[in-house]
Amino acid sequence: MSATVQSRLHLAVTETENDGGPRRFGYRSRERVYQWLFLAPAVAYLVLFFGYPVVKNVAMSFQEYTTGTFYTGEAPWVGFANYVTVMSSSLFSTSLINTALFTAGSIAGQFILGLGLAVFFKRKFPLNGILRSLLLLPWLLPLIVSSAVWRWILDKDSGALNNFLESLGIISTGIPWLTSTSLALAAVVGVNIWIGIPFNVTVLYGGLQDIPDELYEAASLDGATGWRAFRHVTWPMLRPVVSVVLVLGVVYTLKVLDIILGLTNGGPANSTQTIATQSYALSFQNFKFGEGAAMGNILVLISLVFAVLYLRVNRRAVDE
Amino acid sequence: MTTNTQTDTVAAATSRRNRPGPLKAVHGQWGTRQWGTTALAILFLAVMLFPVYWMINASLQPNGTTLQTSWLPLSPDFTGYATAISQQGRNLGTSLVVALGSVVFSLAVAAPAAYALAYFKVRGAGVVLFAILISQMIPGIVVANALYTAYNDLGLLNSIPGLILADSSHGIPFAILIIRAFMNNMPASVIEAAKVDGAGHLRAFWSIVLPLSRNALITAGLFTFLFTWSDFLFALTLTTTDDVRPVTLGIFQYMGAYVNDWSSVMATAVLASIPAIILLLAAQKYVAAGTTGGAVK
Amino acid sequence: MKSAFTKTKAIASTVTAMAALPLILTGCGASSPAANGPVSELSVVDYYNNEPDKTIIGDTLAACGTQSGVTIKRETVPGKSLIAKVLQQASSKTLPDVLMLDNPDLQQIAGTGALAPLTDFKISTENYPQGILSAGTYKDKVYGLAPTVNTIALFYNKDLLTTAGVTPPKTWDELKAAAAKLTSGGQYGLAFDANATYEGTWQFLPFMWSNGGDEKNIATTETTEALQLWTDLVKSGSVSSSALNWTQADVKDQFVAGKAAMMVNGPWQIPTLDKESALHYGVVNIPVKDSSKTAVGPLGGEVWTVPQTGNKAKQAKAAEIVACMNSDVNQLAMAKARNTIPSKSTLAAQFASENPKLASFTELVKTARARTGQLGEDWPDQATKIFTAIQNALTDKASPADALKQAQQG
């Protein structure tokens, strides 16, 4: 095949931004239509299912939205009043710090343990597949069940964890995992890590499996094995998957609600109160939906920062 | 790594098929080192899955809590299981159908979109990605409230297709992001070669891209299944009768405003996990290594 | 470049149009009130989603329906999700014909205008104690009536108390002494629910109210004394600090397992307690500060309401159902089956004699106070302040007085 034909087809397939002029306009716009057809179902779905809720949620945060509004539809516009109220409450700084600690701790724990386990499971040994599938069991349990079971395990007096530590002689009296203001957040982070490991392991394992073995062989021919192979072969190839896992991890962790509610309800004394739990409490316990939406949108703004970072990193990776 | 280096390395190294496995002469014969690794893996799993074991323990207690239990359920009480089996069978079926339907629908919508975002330099790809990320940040209750009104008008309440559509809102954005991330590593040369051979977009997608992205599709499908399986919010919001009731909502039959029947709750959770884990086991078997390597050859 | 721009504009307008689609659909959804034809079916929403309540209420509803010549189409939702459902239905104008609400939520919902006053339908509110009526009243109109109610009292383990030589306490000092005496080994003297939800507030109210505390302003000496009692009990070790995270169900589990000799709980636990053959329990009023005070319990129970559906004929029938659910016969039957107390004071004597286990509760219900009696729609905020103060005091982040002051100021 001649070079000119090959390069023209290359242009046609990849559709670069430097349009060569209107010479092949019909072909190019038909190309675009095809390409958009691939995207169209997804875009349609996103708009239909998320478009209205996003707009509604943002609008709600600027309105005085009460239980009455649900029935009458009246919601006077109050501008930023909800945001001001929410951010100047004494609970806001506590929630913000807790959210930051909760997210950082969870992501760090989940990712490191998940990556470690994914690399471990890459080895070939009997029952590998079965054991890897069993790792997904925490995700199969309804959150209401997981949080109840963990509450029992972490109970100060009769919980399995304390009983185990006492039988080993590490402690003499029960540790108040969920009822001490200094320990509760750590305990909740621990449970969230437990929930997040299966996700990280499975996605990272899939990503690891996509790295051709030939690359490792070539690297080992050059003398790079073990840790150096990881740094020079695994990590660069895994980067796109890692960045998706981290960004999604942050977005999901920021939203975590049910597990905290199930374990401590934001207590004791607001030591596990995060922005997500505060938003829920404002809306569904105190019926201040405008303020709850404002809290929720603050969370979205924080997530947006991470999303922008992800897109930056991604664009650079694609350009490489 | 650019695609050029990749193809060079692939060409330079020997074919994967000829490379011997680690320390095994005949398929199925494992050495002690492998069994040692298995033992270590079982230990990890035992620690990770202790709460699951504890749940099973609780399901076998008469009052469903582990307050008075020893480490082993020495005198198991199966009333919880009797209740669960007699009442939740239909709900389990509903959950399975909705979850599987959601996987099929989500992958059908997400895979082409991920391909488009990964390969075509479409204007607005960044916007779409951004929109997908935003969609993941919206609290579920907001989406559920909006959907309730729309479904009520369209008559989609209490319907399985309605639930499939709604639950795909968990799966589609996530699947697009994951499949796209996996696809970023696929060598474009393979697809271009197919195009040069005269394959249209659809042909190239169906015969080349999809098989190459097997790991991505399985991983995305896996989590779509899990997201849908454990969804409670849409199950609660979009159903008003007992007819179509996923098992996550069925569990709440035993949790009243005053009194909870924990042993039935735990038993239902245990029973519900079984078909799901079987499906996941089957799916995981297909996450194989180095698919791209072999195909490029 | 130009083609790309017009394309973006086209995309933008399509997106806006599609986003508007659900909005348009919502607009189409408003249903017009039906003609005044004969009513054959009524829809009901309640949160009795678990057995045995589900069947008991379901049968009673069906019987009332037959009496009025309608069939009942019933939807049961889990307790915590009822309000979310009600709000969804309110905004899509699909409220049921008969709606059950937990009594502290009634004033919130009535304030939206979504409910019809029961007095419009000539339903009698005679013979209901003041507490029950105030729970169902909003702006001087009665919107909901509760056929059965409950409150909380002190359960004690007869065997454990006899072994320790302790009599059931009547005053706070007796309570502290008894709890201390009953705490040994893995057994705590007392268990109550002090968690960071409205349940914690609910359990604290009898201590606060019987001492003269007022929910409108919690930074008073009376409330401080009540909170001091709780703090002392936890600090001295008579009550496990796990109480900060217990639900009333957990408290019952502790009592049943013998890990607590006394507990604060309600009559709905009686069936579970009766199942344990080895457990011999008794019920007394929650101790008061001294003999000059009287026990005041918080009022629990659900009210039945008639939402504004715009269909006069259906609303009239719905009112008949509500009246039927509140009839003497049904009150007695449901209360007996569900281990709660019939609301009407005229039934108290008969009920107590027929159900001796529930006698203490029947007495307490006469003086029980509604949580929303004084504050109405402002109750949720105040309830949050109360459990915040409790949590701060019990975790020693602040003294009871300071905790209450900080919470009251918000």
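These legends walk through a few views of a predicted model. Residues are numbered from 1 along each chain as its sequence is written, while chains are lettered from A in the order in which they are written. Because this model is predicted, local features need pLDDT of at least 70 and side-chain atom pairs count only at pLDDT 80 or more, though totals for chains and interfaces use all residues.

**View 1. Chain A meets chain B.** Here 94 residues of chain A touch 109 residues of chain B, where contact means heavy atoms within 4.5 Å. Together the two chains bury about 9700 Å², and carbon and sulfur atoms give 78% of that. (Buried area is the accessible area, with a 1.4 Å probe, that two parts lose on being put together, summed over both.) On the chain A side, Phe38(A), Leu140(A) and Trp152(A) lose the most area to chain B, together 8% of what that side buries.

**View 2. What chain A brings to chain B.** Helix 2 (residues 25-61) of chain A gives the most to this side, with 17 residues; helices here are DSSP runs of H or I, at least four residues long, and strands are runs of E, at least two, numbered from the N terminus. Between chains A and B, the salt bridge count is zero (that would take a side-chain nitrogen of Lys or Arg within 4 Å of a carboxyl oxygen of Asp or Glu).

**View 3. A look at chain C.** Chain C has 17 helices and 14 strands. Its C-alpha trace spans about 85 × 65 × 40 Å along its principal axes. Of the 410 residues in chain C, 58% are buried, meaning under 20% relative accessible area with a 1.4 Å probe, protein chains only.

Conventions. Side-chain values use heavy atoms; hydrogens and water are left out. Buried means under 20% relative accessible area, exposed over 50%, partly exposed in between (1.4 Å probe, protein chains only).
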